[in-house]
Amino acid sequence: MQLTVFESARLLAQGTVAEVAAEMQAAAARGGDVLAFDDATGRVVDLDLRGAPAEVAARHQGADTPPRRGRPKLGVKAREVTLLPRHWDWLAGQRGGASAMLRRLVEDAMRADAATPRQRQDAAYSAATALAGDRPGYEEAMRALFAGDAAGMAVHMAEWPGDIRDYVLRLLGSAPD
């Protein structure tokens with residue numbers, strides 16, 4: 001699960017639960033208003049921040065826990081993959097070796113392709129509501145979102161903090177890189 005964390009209107013951190021937990025703990029300790037969002041759904045994720053970042057990750061439904069060694073017991077199919085030598089060299093240097101890295105790359109690609117336009121729209125709406133529901137132009141921006149009017153949405157979001165605006169657009173799939 002990939003998360004994006006905001007402290008008030010500022011983007012604080014992005015990454016897995018284990019990667020963002022330390023930043024969230026530091027912000028919470030200084031009394032910051034911290035919200036974590038699931039990048040796949042745009043919804044707020046409530047994390048129990050007690051303990052080390054690895055403990056936080058382990059408590060969050062096993063998310064971000066390191067994989068067990070060896071092959072999974074079920075469903076593994078050995079097939080041939082043809083790559084150039086430089087690709088094999090790169091794969092060999094990755095955590096878990098070539099097979100583990102290929103599985104991670106395929107999973108990431110599947111997740112990226114899985115989001116339909118409607119799911120991206122819903123994710124953008126969820127995040128915008130949580131982060132900017134009380135900001136000027138929110139209602140008009142949401143009308144434009146559901147009308148498929150990206151230009152109109154951008155006009156109504158112009159006064160929003162840049163981090164919020166960019167995150168909502170990224171969830172929608174139209175953020176500037």
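Me: Leaving aside neighbours within four places in sequence, what is Ala21 in contact with?
Reply: Ala21 touches Leu49, Pro53 and Val56, where contact means heavy atoms within 4.5 Å. This is a predicted model, so local features need pLDDT of at least 70 and side-chain atom pairs count only at pLDDT 80 or more, while totals for chains, interfaces and linings use all residues. Residues are numbered from 1 along each chain as its sequence is written, and side-chain values use heavy atoms, with hydrogens and water left out.

Me: Thanks! Where is the place of Ala21, and is Ala21 buried or exposed?
Reply: Ala21 lies in helix α1, residues 17-29. Helices here are DSSP runs of H or I with at least four residues, strands are E runs of at least two, and both are numbered from the N terminus. Ala21 is buried, with a relative accessible area of 0%. For reference, buried means under 20% relative accessible area, exposed over 50%, and partly exposed in between, using a 1.4 Å probe and protein chains only.

Me: How many helices and strands are there in the protein?
Reply: The protein has eight helices and four strands. From the N terminus on, the order is β-β-α-β-β-α-α-α-α-α-α-α.

Me: Switching to α5 and α8, how do their axes cross?
Reply: The axes of α5 (residues 117-132) and α8 (residues 162-172) come within 7 Å and cross at roughly 160 degrees. That makes α5 roughly antiparallel to α8. Axes are lines fitted to C-alpha atoms, for helices over the stretch in contact, and angles run from 0 to 180 degrees between N-to-C directions. Angles under 35 degrees count as roughly parallel, over 145 as roughly antiparallel, 65 to 115 as roughly perpendicular and the rest as oblique.

Me: Which residues of α5 and α8 meet?
Reply: From α5 there are Arg120, Gln121, Ala123, Ala124, Ala127, Ala128, Leu131 and Ala132, and they meet Ile164, Tyr167, Val168, Leu171 and Leu172 of α8. By type, the residues of this α5 and α8 contact divide into eleven nonpolar, one polar and one charged. Ala, Val, Leu, Ile, Met, Phe, Trp, Tyr, Cys and Pro count as nonpolar, Asp, Glu, Lys and Arg as charged, and the others, Gly among them, as polar.

Me: And how do α5 and α6 pack?
Reply: α5 and α6 pack at an angle of about 175 degrees, with axes 11 Å apart. They are therefore roughly antiparallel to each other. Among the residues that meet are Tyr125 and Ala128 in α5, and Met142 and Phe146 in α6.

Me: Back to α8, which of its residues are buried?
Reply: Ile164, Tyr167, Val168, Leu169, Leu171 and Leu172 are buried in α8. The buried residues of α8 pack against β1 (3-7), β3 (34-38), α5, α6 and α7 (150-156).

Me: What does Tyr167 contact, neighbours within four places in sequence aside?
Reply: Tyr167 is in contact with Thr4, Phe6, Phe37, Asp38, Asp39, Ala127 and Leu131.

Me: Which residues touch the most other members in the largest nonpolar core?
Reply: Of its 22 residues, those are Met142, Met153, Met157, Trp160, Ile164, Tyr167 and Val168. A nonpolar core is a set of buried Ala, Val, Leu, Ile, Met, Phe, Trp, Tyr and Cys residues joined through side-chain atoms within 4.5 Å. α5, α6 (138-147) and α8 each supply at least two residues of this core. A second, separate core of 14 residues includes Val17, Ala27, Ala36 and Ala57.
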